[in-house]
Amino acid sequence: MKSFSFKDENGKFYYGWWIVITGAIITGLVYSGIVSVTGVFMLPVTQDLGLSVAAYSFYLTIMSITGIITLAIVSKFLDEKRIKKIMIVAGMIGVISFIGFASAKSLTMFYIFAVPQGFCFAAMTMTPCQLLVSNWFGEKAKGRAISLLLTGMTLVYIAELNILNLVIGKMGWRAGYIVLAVCVAIAVLIAAKLVVWSPEKKGLKRIGDVENDEMERLQASGTRGIAFSIAIRKPITWLVLISCSLAVIASSSILQHGIPTMVIAGFSAPQATAITSILSLIMVVTGPVVGWICDRWRLSIAAVGSALCFAGSAVGLSLLSVSKGAVIVYSAFYIFGVASINIISPLLMNYMYGEKDMPRLIGYVNMFVGIGGAFGAAGLGALYEHFGSYQIPWLIMAAILAVVAVIRGISTTKKRKYCPDNEGAESK
């Protein structure tokens, strides 16, 4: 097959692109509904029920920990026979979790229903969807297919965020959670109808596979890199993993507390939502720009630069307590800073250790990403309660991200880069 095409060998629209669209809708409706839109509920829920920000935010910690445990157990069952069933069951459980949120009258109910929500998050969203896209596209098209999956997810998220803001403003936060339950139900129906494990199940050839002679050459050469057992014993490996957790602590904090920070600073809820939506649209462009910098120049430039930009965005949020104009500082840095999470983190291990045991190393990266997500938003909520405002908490986040920049600068020096010529030395 061609390295990149929208049509299969029969001249029809390649079914793999339906998988990309399916993944974009599912991750946009469910992943974003569980993680990315939480900020629009923060003030309405806490003010209506008289809850503290820190206590309410703790449900995200419960959800994230449940997701980490679920992924560790379920991932080995995401195969040809069971992936669709797992996604459907997880989605149905997710519907129940949002209905539970909608009927919540106390913190206990949020905490209880955060558990099934964590199961849905892990077993239905990013991991199975990325796996499906990888099955349908070979190495010459996989990157573009996954980038289009993420782009589609962003567009669905923007629509979902604005609809939620409208519903919550007119009908209340309980109606907002019902909307999310409906979104998950729609995703379940789409998964049941469209999810197919691989091109072979449709009798199709996969787009993006290398030619036969090139495949034989690659197989003969073997996969080069440092073994996982060696890499995991290196202190720098653990520093990089810690940097992934620290970066996500800041990212999850912004997702939940960014909109409330802007509202407290004097923006209306619709204005804060509109700003978030615009930034998400801009990041459809800035993300690939950061990726291009990684390829065109050096990973260290993008790794350190994106972390520092993320720190700058946290400073901008802190300055909102002084001036609404600081939203410009926040926005300008945020659109490049987010790349620290979804672009830079997976590239660090590949840079240092090559391809040999990359699945296991990336698995560890995702585990530490989950750990950061478990404690980020709740931690910032506790800091907000302690200081009585968001000013100091965001400065603390900026300092954390400065540490991330230092760690990633160290990990991407030229002497850290994996080279086949020194593999023997690295193995000793």
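These legends accompany a set of close-up views of a predicted model.

**Figure 1. The protein chain as a whole is built from helices, with no strands.** Before zooming in, here is the overall setting. The predicted model has 18 helices and zero strands in its protein chain. Of the 428 residues in the chain, 53% are buried. Contacts with a sequence separation of 6 or more are counted next: 83% of them join residues 24 or more positions apart.

**Figure 2. Trp173 and Tyr177 form an edge-to-face ring pair.** This view belongs to a set of 24 aromatic pairs in the model. The ring centres of Trp173 and Tyr177 lie 5.9 Å apart and the ring planes meet at 85 degrees; because planes over 60 degrees apart count as edge-to-face, this pair is edge-to-face. Both residues belong to helix α8, which covers residues 173–194, and their spacing of four residues puts about one helical turn between them.

**Figure 3. Two lysines lie over the faces of aromatic rings.** In one close-up, Lys202 sits over the face of Tyr15, 4.4 Å from the centre of the ring. In the other, the ring belongs to Phe267, and Lys324 lies over its face at 4.7 Å from the ring centre.

**Figure 4. Helix α11 bends at His257.** Follow this helix from residue 235 to residue 264, and you will pass 30 residues. From first C-alpha to last, α11 reaches 42 Å, close to the 44 Å expected at 1.5 Å a residue. Where does α11 bend? The bend is at His257 and comes to about 50 degrees, with a proline, Pro260, following within four residues. Beyond α11 comes Gly266, which has a positive phi, near 125 degrees.

**Figure 5. Ser251 is a buried residue of helix α11.** Here we stay with α11, the helix that holds Ser251. The relative accessible area of Ser251 is 13%, so it falls under the 20% limit for buried residues. Which residues does Ser251 touch, leaving aside those up to four places away in sequence? Ser251 touches Phe310 and Ile341.

**Figure 6. Arg82 and Asp79 meet in a salt bridge.** Side chains of opposite charge can pair when their charged atoms come close. The model contains two salt bridges, and in this one the N to O distance between the side chains of Arg82 and Asp79 is 2.6 Å. Arg82 is partly exposed, at 37% relative accessibility. Asp79 is partly exposed as well, with a relative accessible area of 22%.

**Figure 7. A salt bridge between Lys201 and Glu80 links distant parts of the chain.** The closest N and O atoms of Lys201 and Glu80 are 3.0 Å apart. Lys201 is found in the loop between α8 and α9, while Glu80 is in the loop between α3 and α4, and 121 residues separate the two partners. Glu80 is partly exposed, with a relative accessible area of 42%.

**Figure 8. Pro116 is a buried proline within helix α5.** Helix α5 spans residues 107–124, and Pro116 has its place there. With a relative accessible area of 19%, Pro116 counts as buried. Not counting residues up to four places away in sequence, Pro116 touches Ile93 and Ser97. Another residue to look for is Thr66: it is 50 residues from Pro116 in sequence, and the two C-alpha atoms are 8.1 Å apart in space.

**Figure 9. Val406 is an exposed residue in helix α17.** Val406 has a relative accessible area of 53%, so it passes the 50% limit for exposed residues. How far apart are the C-alpha atoms of Val406 and Val304? They are separated by 7.2 Å, although the two residues are 102 residues apart along the chain.

Key
Residues numbered from 1 in each chain as written. Predicted model: local features only at pLDDT ≥ 70, side-chain atom pairs only at ≥ 80, totals over all residues. Heavy atoms only, no water. Phe/Tyr/Trp six-rings, centres within 6.5 Å; stacked < 30°, edge-to-face > 60°. Helix = DSSP H or I, 4+ residues; strand = E, 2+ residues; numbered from the N terminus. Lys NZ or Arg CZ within 6 Å of the ring centre and 35° of its normal. Expected span 1.5 Å × (residues − 1). Bend = angle between axes of the 7 residues up to and from the residue. Salt bridge = Lys/Arg side-chain N within 4 Å of Asp/Glu carboxyl O. Buried < 20%, exposed > 50% of the residue type's maximum accessible area, 1.4 Å probe, protein only. Contact = heavy atoms within 4.5 Å.
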